[in-house]
2 protein chains.
Amino acid sequence: MWDELQPIGRDPGTGGYRRYAWTPVDATLREWFTGAAEARGLEVVLDRAGNQWAWWGNPDETPGVVLGSHLDSVPDGGAFDGPLGVVSAFAALDGLPARPSTPIGIVNFADEEGARFGVACTGSRLLTGALRPEAALALRDGDGTALGEVIGVGPEHVGRDEQTLRRIGAFVELHVEQGRALVDTGDAVGIGASIWPHGRWRVELPGEANHAGTTALADRRDPMLALAALVQQVRASAQRHDALATCGKVAVSPNAVNAVPSSVTAWVDARGADEARVRAVLAEIEAAVVAAGGRLVEESWTGSTPFTPSLSRELQAILGPVPVLPTGAGHDAGVLATAGVPSAMLFVRNPTGVSHSPAEHAEESDCLAGVAALTAVLAGLL
Amino acid sequence: MWDELQPIGRDPGTGGYRRYAWTPVDATLREWFTGAAEARGLEVVLDRAGNQWAWWGNPDETPGVVLGSHLDSVPDGGAFDGPLGVVSAFAALDGLPARPSTPIGIVNFADEEGARFGVACTGSRLLTGALRPEAALALRDGDGTALGEVIGVGPEHVGRDEQTLRRIGAFVELHVEQGRALVDTGDAVGIGASIWPHGRWRVELPGEANHAGTTALADRRDPMLALAALVQQVRASAQRHDALATCGKVAVSPNAVNAVPSSVTAWVDARGADEARVRAVLAEIEAAVVAAGGRLVEESWTGSTPFTPSLSRELQAILGPVPVLPTGAGHDAGVLATAGVPSAMLFVRNPTGVSHSPAEHAEESDCLAGVAALTAVLAGLL
């Protein structure tokens, strides 16, 4: 399965993946998912949020045990973030000695990374109703295409999907670790504890477009200087409050060498061990932005998200003494847990901790240990 | 003519123009140019650099008096920068009491702004040989398309065009002023003196891609912080040396909200009254960039460019006492003057000095004064 996925959406220049939701590359990934499911006798259905589900048995009679993750990527992302969980789900199914009477589901969540429309976990949030359908349908990508035009579900059907939610007895998402905690403990596999509170903010920094060769410095309103101050404020505030804050995306208009920009838009990602420190970081950033004549808009916010404690305890009982880790990254399993769907996570060791990069890696032996753990969990939960 | 050009390439959102070289919008502008020329009995030819020339008479017998400018724009540029010179050229021809025996040419220079391929005055530089054909053909736009694929001239023919250069007895480019010198003097029209030395530099700031939600601040190599320092250095150095320097274009990779960027590329535009101060600005910027682990590459450099003094004196003799102005902006007339082609410029007052912006403006009465001056210059040079 890994060999089949490897070439899809890989940029020959960077070696990174550009697997954005509902693009031709994503369609190829979805075809692969359907093929892998049908080869195993599973029935593939699309839910009202554009997520793909492959079912063994009838989950409308008995809720199933669901495994899976997502196949999309950030721009120039790694091979493991997402696909490792989907491939491991199929491998765990293959590893069962016999097909059980309890239904089993494998899911490919849509647009987890939010690389195309700017909102992470779009598929799981739509599914649970955490993202309103009107808001989702109106999201536009960089080319101005609306999500509603490409999601593949009629606009009138998009939204919280009660039937699909009822089908999920428990959801376990296996994922490559995006830090080095398992390197420190010396374990190949860990269990997720909770997801840090995190959010995204858009910062609009207005200026005045002008000719770079003729406009006196004193006559300029150059928003690039405001961007410089913002980037430094983001880092300083994160440091002061022992949190994480990042300015990783910028849009400059008109973005021409010989023009003072008319405006700069920047995005801030902030996370921390508790909500208070993240809010403190944002309050400092917003005060500085407003003082500079700009505006800060919250695009998303997710409070601290514990995975379902009873399910995590079941995983510990099945797997024995493995580390239990908090994570700074958002995941579809967190969205489901917040909505009351029993959900848990397994992490596979990442030797460098690097993620969202072509350098993202996991050793084959650790991936196989992950599959073995997921197989044990699946068998234990059935 | 102004009414015909107005809708072409105008962005309905910003009200600015997006007229990039060799795009469908540019093709429409070129069709307009051909139509306007043929309606006046001129013969339109393309030179070896992709520039359009409309000729009255036979310039291979006697070199002609050439008027014109360019029709392309920066992203979200104004209506006047370029087109005012082309429209005024046709209007000056229309204003002649009778067609003379001396040939007259009107030119539409290709890709003056360099908005698509990053090099300004591509058409005039190719024509004079200031830009090597191999270098030009290899330039790529943001989508990876090479200039050689779209220029509309067979690659083997692209380059310095001796025949076209011999046809130009004198070139006069009328242009909207990109500053407020004429506002201060109270004149509608001025004569160009020289173009400040100016250049473009590309700054590469490497980093390490990583997940914004899981990578400790201390473990990051975040090139956005280097960008912030660069933007501040550019402004500080320009101020210190009484020059102009601008960071107006940035490319962040992968430019995702939840990723520490792997790299940032920024472009610096710098100009000043003399070469020494521009070089002093760049030396400071380069030292800071190198100290931060980055790299600065010169993409273009044009020394101080006086227009042809004898031709400028002729214009003064024809027009009487009008101001003579230096300019910080590059122009095709400067490229031609540097190559030894007699070239001069007329500037039309700009009430705000704003340029390269939808707010760029010139009063109709000043534009008509510009046409009257250009008509007088044309008649006087014939």
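## A backbone exception in chain A

A:Asp76 lies in the loop of chain A that runs between β3 (64–70) and α3 (83–95). Although A:Asp76 is not a glycine, its phi is positive, at about 55°. Most residues other than glycine have a negative phi, and most peptide bonds are trans. The model described here is a predicted one, and the values in this report are to be read accordingly.

A:Pro254 is placed in the loop between β9 and β10 (259–260) of chain A.

In chain B, the peptide bond from B:Ser253 to B:Pro254 is likewise cis, with omega near 0°. B:Pro254 belongs to the loop between β9 and β10 of chain B.

## The sheet of chain A

Chain A contains an open sheet of four strands in the order β9-β11-β7-β12, with antiparallel pairing. Its edge strands are β9 (244–253) and β12 (295–302) of chain A, each of which pairs on one side only. On average, neighbouring strands of this sheet are turned by 15° against each other, direction ignored. Strands of a sheet pair through backbone hydrogen bonds, either parallel or antiparallel.

Strand β7 (residues 198–206) of chain A runs antiparallel to β12(A), and seven bridges join the two. Within this pairing, A:Val203 stands opposite A:Leu296 in β12(A). Helix α10 (residues 275–291) of chain A lies across β7, β9, β11 (263–271) and β12 of chain A. The angle between α10 and β12(A) is about 165°.

## The sheet of chain B

In chain B, an open sheet of four strands has the order β9-β11-β7-β12, again with antiparallel pairing. Strands β9 (244–253) and β12 (295–302) of chain B form the edges, each pairing on one side only. Neighbouring strands of this sheet are turned by 15° against each other on average, with direction ignored.

Strand β7 (residues 198–206) of chain B has partners on two sides. It pairs with β12(B) in the antiparallel sense over seven bridges, and with β11(B) in the antiparallel sense over nine bridges. B:Arg202 illustrates both pairings: this residue stands opposite B:Trp267 in β11(B) and opposite B:Val297 in β12(B). A further facing pair is B:Glu204 with B:Arg295 in β12(B).

## Helices on the sheet of chain B

Helix α9 (residues 223–240) of chain B lies across β7, β9 and β11 (263–271) of chain B, and runs at about 170° to β9(B). Helix α10 (residues 275–291) of chain B also packs on the sheet, where it touches β7, β9, β11 and β12 of chain B. The direction of α10 makes about 165° with that of β12(B).

## Extent of the interface

The contact between the two chains takes 60 residues from chain B and 59 residues from chain A. Together, chain B and chain A bury about 5,000 Å², of which 58% is on carbon and sulfur atoms. Three residues, B:Leu217, B:Arg235 and B:Val257, supply 15% of the area that chain B buries against chain A, more than any other three residues. The size of an interface is often given as the accessible area lost when the parts come together.

## Polar contacts and composition of the interface

Across the interface of chain B and chain A there are two salt bridges. One salt bridge is formed by B:Asp219 with A:Arg180, whose closest N and O atoms are 2.9 Å apart. Between chain B and chain A, 19 residue pairs are in polar contact, counted where both residues have pLDDT 80 or more.

On the side of chain B that touches chain A, the elements β8 (210–211), α9, β9, β10 (259–260) and β11 each supply at least two residues. Helix α9(B) gives the most to this side, with ten residues. By class, the side of chain B that touches chain A comprises 28 nonpolar, 20 polar and twelve charged residues.

Technical notes
Residues are numbered from 1 along each chain as its sequence is written. Chains are lettered from A and ligands numbered from 1 in the order in which they are written. This is a predicted model: local features need pLDDT of at least 70, side-chain atom pairs count only at pLDDT 80 or more; totals for chains, interfaces and linings use all residues. Side-chain values use heavy atoms; hydrogens and water are left out. Two strands pair if DSSP finds at least two bridges between them. Axes are lines fitted to C-alpha atoms, for helices over the stretch in contact, and angles run from 0 to 180 degrees between N-to-C directions. Contact means heavy atoms within 4.5 Å. Buried area is the accessible area (1.4 Å probe) that two parts lose on being put together, summed over both. A salt bridge is a side-chain nitrogen of Lys or Arg within 4 Å of a carboxyl oxygen of Asp or Glu. A polar contact is a pair of N or O atoms within 3.5 Å; within protein, one must be able to donate a hydrogen and the other to accept it, and residues adjacent in sequence count only if both atoms are side-chain atoms. Ala, Val, Leu, Ile, Met, Phe, Trp, Tyr, Cys and Pro count as nonpolar, Asp, Glu, Lys and Arg as charged, and the others, Gly among them, as polar.
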